[in-house]
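This note is intended for a colleague who is meeting the structure for the first time. The numbered points may be read alongside the sequence and the model.

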There are 2 protein chains.
Amino acid sequence: MDPSVNANANGLARTLDGPTNPMVTPLLTDLYQFTMAYAYWKAGKHLEQAVFDLFFRKNPFGGEYTIFAGLEECIQFIANFKFKDEEIAFLRTALPATCEDDFFEYLRGIDCSDVEVHAISEGSVVFPKIPLLRVQGPIAVVQLLETPFVNLINYASLVATNAARHRFVAGKSKNLLEFGLRRAQGPDGGISASKYCYIGGFDASSNVAAGRLFGIPLRGTHSHAFVSSFMSPDEIVEKALCSSDGSVTCEDFVSLVQSWLNKIQWSNSFRGIFGETNQSELAAFTSYALAFPNNFLALVDTYDVMRSGVPNFSAVALALSDLGYKAAGIRLDSGDLAYLSIESRKFFCAIEKEFSVTGFGKMTITASNDLNEETLDALNKQGHEVDAFGIGTYLVTCYAQAALGCVFKLVEINNQPRIKLSEDVSKVSIPCKKRCYRLFGREGYPLVDIMTGENEPPPKVAERILCRHPFNESKRAYVVPQCVEELLKCYWPGSSDKKREELPPLKKIRERCIQQLSQMRPDHMRRLNPTPYKVSVSAKLYDFIHFLWLNEAPVGELQ
Amino acid sequence: MDPSVNANANGLARTLDGPTNPMVTPLLTDLYQFTMAYAYWKAGKHLEQAVFDLFFRKNPFGGEYTIFAGLEECIQFIANFKFKDEEIAFLRTALPATCEDDFFEYLRGIDCSDVEVHAISEGSVVFPKIPLLRVQGPIAVVQLLETPFVNLINYASLVATNAARHRFVAGKSKNLLEFGLRRAQGPDGGISASKYCYIGGFDASSNVAAGRLFGIPLRGTHSHAFVSSFMSPDEIVEKALCSSDGSVTCEDFVSLVQSWLNKIQWSNSFRGIFGETNQSELAAFTSYALAFPNNFLALVDTYDVMRSGVPNFSAVALALSDLGYKAAGIRLDSGDLAYLSIESRKFFCAIEKEFSVTGFGKMTITASNDLNEETLDALNKQGHEVDAFGIGTYLVTCYAQAALGCVFKLVEINNQPRIKLSEDVSKVSIPCKKRCYRLFGREGYPLVDIMTGENEPPPKVAERILCRHPFNESKRAYVVPQCVEELLKCYWPGSSDKKREELPPLKKIRERCIQQLSQMRPDHMRRLNPTPYKVSVSAKLYDFIHFLWLNEAPVGELQ
């Protein structure tokens with residue numbers, strides 16, 4: 001039975017469209033997946049049942065947690081995995097001419113109907129060594145999936161984690177806006193960043209294409225170029241603005257703004273604080289307000305924030321207020337954001353007091369300009385008045401650590417467990433087709449993740465179980481879980497009769513992520529010296545790993 | 001006249017297909033480009049002629065040069081720039097409901113037939129502040145191009161530069177293979193990386209999709225999973241191998257390999273050096289050789305390089321040699337690459353000597369495993385025997401610096417020069433529609449780049465010209481150029497009657513890059529403390545910048 005048809009029958013057609021990026025095809029893989037497929041085929045091994053684990057070895061950004069993301073794209077990829085004739089034709093030219101025709105016929109016939117994918121739910125908090133995906137099926141086909149799966153999960157999980165870390169530092173009350181498209185690593189670096197930053201806890205994006213594809217809320221105002229494209233208010237031709245309730249029309253909004261600017265300048269609170277403001281800027285703000293009287297948000301740092309930007313903004317905002325509109329706020333994009341936000345806030349509060357405009361002091365202040373975890377942290381320590389942060393470069397390129405090292409390792413073939421050895425213990429893979437559980441403690445926090453062999457009895461609530469470090473003999477602990485969650489669920493049943501787990505909509509994934517983060521014990525989450533979360537294996541699996549290890553490793557000879 | 005039709009008539013249809021990634025549409029931009037477009041439109045300013053410069057402020061990776069890349073994609077983007085009905089429908093929902101219908105009608109009609117793009121040729125060596133692109137046209141349209149242009153150029157130039165730097169350290173004689181797809185930032189992070197690393201001087205890629213799209217040579221062999229998917233040579237069923245010239249068939253290649261392994265083990269040169277080698281590995285190598293007798297390249301570090309991988313490889317290679325095949329070499333993917341490559345080379349040379357197999361000592365050794373500029377440099381200093389490097393993560397994610405800060409600044413509107421001020425002098429933009437030249441010295445090296453106003457007479461060969469630092473009064477020098485190259489060429493004439501510069505094929509761009517790099521004075525190129533290349537303005541432009549600056553900056557008051 002073709003699982004994608006099955007899925008369609010269940011009314012899940014939407015989620016089984018192809019991947020977001022049409023460039024994600026079966027050719028988006030490393031050449032060696034095809035040379036291996038040929039060698040397997042030639043050796044008659046290509047149908048052997050293999051089990052691969054996809055996992056990472058170290059949490060990114062010096063932290064002790066990772067957000068798992070990218071699963072939906074992987075499932076959409078395999079649901080539509082099929083070679084086109086022109087792709088087969090290209091492969092003939094890419095492989096040695098000695099490759100037999102029958103192999104290409106074989107490739108033409110393959111799909112993922114015999115592949116079974118178990119995975120942790122997207123948006124979950126995850127840890128090193130625990131398989132994010134367990135992929136089972138004919139070895140030649142499963143190998144072809146390695147590169148696209150790792151590609152689709154690596155960056156997705158990395159940037160979702162980065163977003164979650166930024167949210168953690170910024171705090172729950174701040175608005176976080178992803179502004180990274182222009183600095184992202186290529187077009188869908190940008191689109192993926194918008195998607196996965198939203199999952200990681202951002203509120204909105206500037207990326208219109210991502211808004212359309214994923215329904216992410218969009219934000220944006222204007223740039224410095226907009227400000228400097230104006231010369232002076234004299235050039236504004238259409239000066240009329242109808243009041244918010246439609247009852248009156250101000251025929252000369254430009255003059256109304258000018259009169260407010262004069263009032264501010266010569267009022268008791270502001271006398272001598274600023275002189276002539278920049279006229280380009282005043283013209284730009286006035287024009288922008290005429291276009292968006294309900295959404296007037298101005299970038300105030302093109303010339304001088306306190307001597308030009310904030311006074312000009314305030315004059316326009318007060319003129320709008322006369323007509324029943326409420327200005328949306330300012331954006332600061334350079335300079336000392338802590339100082340400028342505090343000074344701007346003082347200015348707005350003084351306006352509220354001087355002219356009795358209720359709420360003016362609460363004007364939203366957005367800050368942007370090369371923000372990252374460290375600058376957010378520094379702003380918090382210094383004190384600031386910023387309500388919303390627009391974050392780009394450092395967020396979307398994951399500047400602090402530009403890659404997550406996900407790997408895809410063979411753990412079993414033909415029911416034979418396999419181990420990958422390495423001189424570096426942290427690189428030894430954990431063999432066997434496994435089950436994974438999260439054990440929760442009395443206070444509701446997750447305590448430890450444990451991997452067991454597939455046929456071991458699952459950990460039980462209120463029953464003591466020994467959790468062992470997979471490689472360090474002396475690290476082990478008894479745990480009495482108050483709750484047990486099986487982590488790997490069947491997201492692609494292949495030819496088995498398992499029920500296929502539904503792919504949730506983006507908002508649900510985001511909610512899961514936020515909920516799981518809030519459930520973690522605080523010491524795992526802190527930025528400085530966080531406590532590592534424990535990842536373990538059952539006693540039985542521990543013994544088996546070390547039996548296999550001794551079996552495979554050559555015995556050295558000291559000379 | 002529609003320039004894309006014009007172009008088609010000139011037989012350039014290929015290069016004017018859309019961008020490689022079909023997700024690059026007019027919606028792949030920041031929302032504020034649309035809010036600004038509306039505000040321009042509402043103010044009746046949308047058709048005003050604007051000139052924007054796209055440039056960066058600092059060379060990446062602590063170096064003093066950058067490779068310009070991404071131009072072809074930009075031109076393909078604007079050649080096909082047109083909103084679809086469903087995109088307009090989405091924009092209606094994304095913008096405030098107060099936006100007037102006529103604006104969306106206006107959007108529906110726009111394309112880039114009135115936009116003029118001058119650019120430096122792709123693959124050129126470029127420097128900070130010099131415009132890579134100069135884009136002129138109706139301000140509302142040109143602003144919509146900002147985000148996609150910056151996105152398409154930022155990462156392309158960054159990763160091409162990274163590739164060039166890796167090539168510089170590795171030296172001309174080494175084979176450089178890009179292996180980054182799985183660790184790249186999303187699917188077309190991978191595809192773009194393959195394209196632009198090739199431009200920057202890499203020889204091949206593992207990425208099959210990129211091979212198909214761009215004709216980049218492909219490389220790849222097998223993974224550790226391939227090795228551990230085998231148990232022992234006993235499982236090999238099809239054991240026959242026909243000789244290279246077709247004259248004889250070896251009926252039991254497995255036994256031939258085993259007999260060679262015994263010969264090596266008990267020969268004078270190798271007695272006691274290694275014991276029983278890993279049988280999974282031996283089976284995997286033998287099977288791979290049976291599938292690819294002409295292309296036998298083996299990954300030798302799954303168990304133990306010197307005690308298992310290299311002896312097993314050598315046995316298979318010698319068996320192939322008996323049948324007239326020449327093995328391709330080994331790949332090392334862990335451990336001390338300098339030491340292991342040297343030891344492997346010694347082993348191969350000893351085989352050549354012991355068994356009189358000419359050329360066996362010259363076996364190609366490929367190294368991979370988290371390589372970057374620093375590790376290549378360290379390998380060089382230590383001494384090694386590696387012939388080819390497979391480089392992934394650090395190359396394609398530009399781990400050492402994950403973003404290039406390209407910006408897009410308004411420099412003129414309605415023939416009025418504009419300047420963007422900043423408290424940080426390095427962020428002040430250089431106003432005016434400009435021309436840019438590269439001046440070459442007596443020895444053929446580029447000496448300095450100079451920007452002039454559009455209507456200034458160009459620098460002349462053998463004629464003295466004053467080159468001034470744009471912001472530092474005291475930095476200036478007279479130059480007598482031996483050769484003058486105008487940098488900005490017309491790649492998209494818009495409605496002008498200028499000739500459109502042809503977009504060269506990828507190989508030509510790569511050749512340009514390699515040629516330009518070789519032409520640079522060595523002290524600009526060295527890794528440690530390179531000399532900055534000089535970027536200057538004409539005396540006339542200098543005076544004008546500072547006149548404008550004084551005009552725009554508010555006068556402070558000390559209190």
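**Notes on the predicted model**

1. Glu116(A) is buried, its relative accessible area being 11%.

2. Which residue forms a salt bridge with Glu116(A)? The partner is Lys498(A), and the closest N and O atoms of the pair are 2.4 Å apart. Glu116(A) belongs to strand 3 (residues 116-119) of chain A, whereas Lys498(A) sits in the loop between strand 21 (489-492) and helix 16 (506-519) of chain A, so the pair ties together parts that are 382 residues apart in sequence. Lys498(A) is partly exposed, with a relative accessible area of 36%.

3. Side chains of opposite charge can pair when their charged atoms come close. Over all chains, a search of the whole structure finds 60 salt bridges. The next points consider examples from chain B and a network in chain A.

4. In chain B, Arg165(B) and Glu373(B) form a salt bridge in which the closest N and O atoms are 2.9 Å apart. Arg165(B) is part of helix 6 (residues 139-170) of chain B and Glu373(B) of helix 14 (residues 373-382) of chain B, so this pair ties together parts that are 208 residues apart in sequence. Are these two residues buried or exposed? Both Arg165(B) and Glu373(B) are buried.

5. A salt bridge also joins the side chains of Arg435(B) and Glu486(B), at 3.1 Å from N to O. This pair links distant parts of the chain, 51 residues apart: Arg435(B) lies in strand 16 (residues 434-440) of chain B and Glu486(B) in strand 20 (residues 483-486) of chain B. Arg435(B) counts as partly exposed at 29% relative accessibility, and Glu486(B) counts as partly exposed at 29%.

6. In chain A, salt bridges that share partners bring Arg165(A), Glu373(A), Glu374(A), Asp377(A), Lys381(A) and Arg527(A) into one network.

7. UniProt, in an unreviewed entry, places the feature "domain: Nicotinate phosphoribosyltransferase N-terminal" at residues 27-154 of chain A. Over residues 27-154 the chain is 44% helix and 16% strand, with the end C-alpha atoms 18 Å apart. For "domain: Nicotinate phosphoribosyltransferase C-terminal", also from an unreviewed entry, UniProt lists residues 433-544 of chain A. Over residues 433-544 the chain is 21% helix and 31% strand, and the end C-alpha atoms are 12 Å apart.

8. The domain assignment of chain A gives domain 1 (3-165 + 401-552) and domain 2 (221-386). Taken over C-alpha atoms, the centres of domain 1 and domain 2 of chain A are separated by 51 Å.

9. How do helix 10 and helix 12 of chain B cross? The axes of helix 10 (residues 253-266) and helix 12 (residues 305-322) of chain B come within 8 Å and cross at roughly 120 degrees. The two helices of chain B, helix 10 and helix 12, are therefore oblique to each other, and their crossing is right-handed.

10. Two loop residues deserve a remark on backbone geometry. Ala462(A), a residue other than glycine, has a positive phi near 70 degrees. Ala462(A) is located in the loop between strand 17 (446-453) and strand 18 (465-468) of chain A and counts as exposed at 58% relative accessibility. Asn415(B), although not a glycine, has a positive phi of about 65 degrees. Asn415(B) occupies the loop between strand 14 (407-413) and strand 15 (416-417) of chain B and is exposed, with a relative accessible area of 66%.

Notes: Residues are numbered from 1 along each chain as its sequence is written. Chains are lettered from A and ligands numbered from 1 in the order in which they are written. This is a predicted model: local features need pLDDT of at least 70, side-chain atom pairs count only at pLDDT 80 or more; totals for chains, interfaces and linings use all residues. Side-chain values use heavy atoms; hydrogens and water are left out. UniProt positions are given in the numbering used here, feature names are shortened, and annotations may be inferred rather than shown by experiment. Helices (H or I, at least four residues) and strands (E, at least two) are DSSP runs, numbered from the N terminus. A salt bridge is a side-chain nitrogen of Lys or Arg within 4 Å of a carboxyl oxygen of Asp or Glu. Buried means under 20% relative accessible area, exposed over 50%, partly exposed in between (1.4 Å probe, protein chains only). Domain bounds come from an automatic or database domain assignment. Axes are lines fitted to C-alpha atoms, for helices over the stretch in contact, and angles run from 0 to 180 degrees between N-to-C directions. Angles under 35 degrees count as roughly parallel, over 145 as roughly antiparallel, 65 to 115 as roughly perpendicular and the rest as oblique. A crossing is left-handed if the near helix is turned anticlockwise from the far one by less than a right angle, and right-handed if clockwise.
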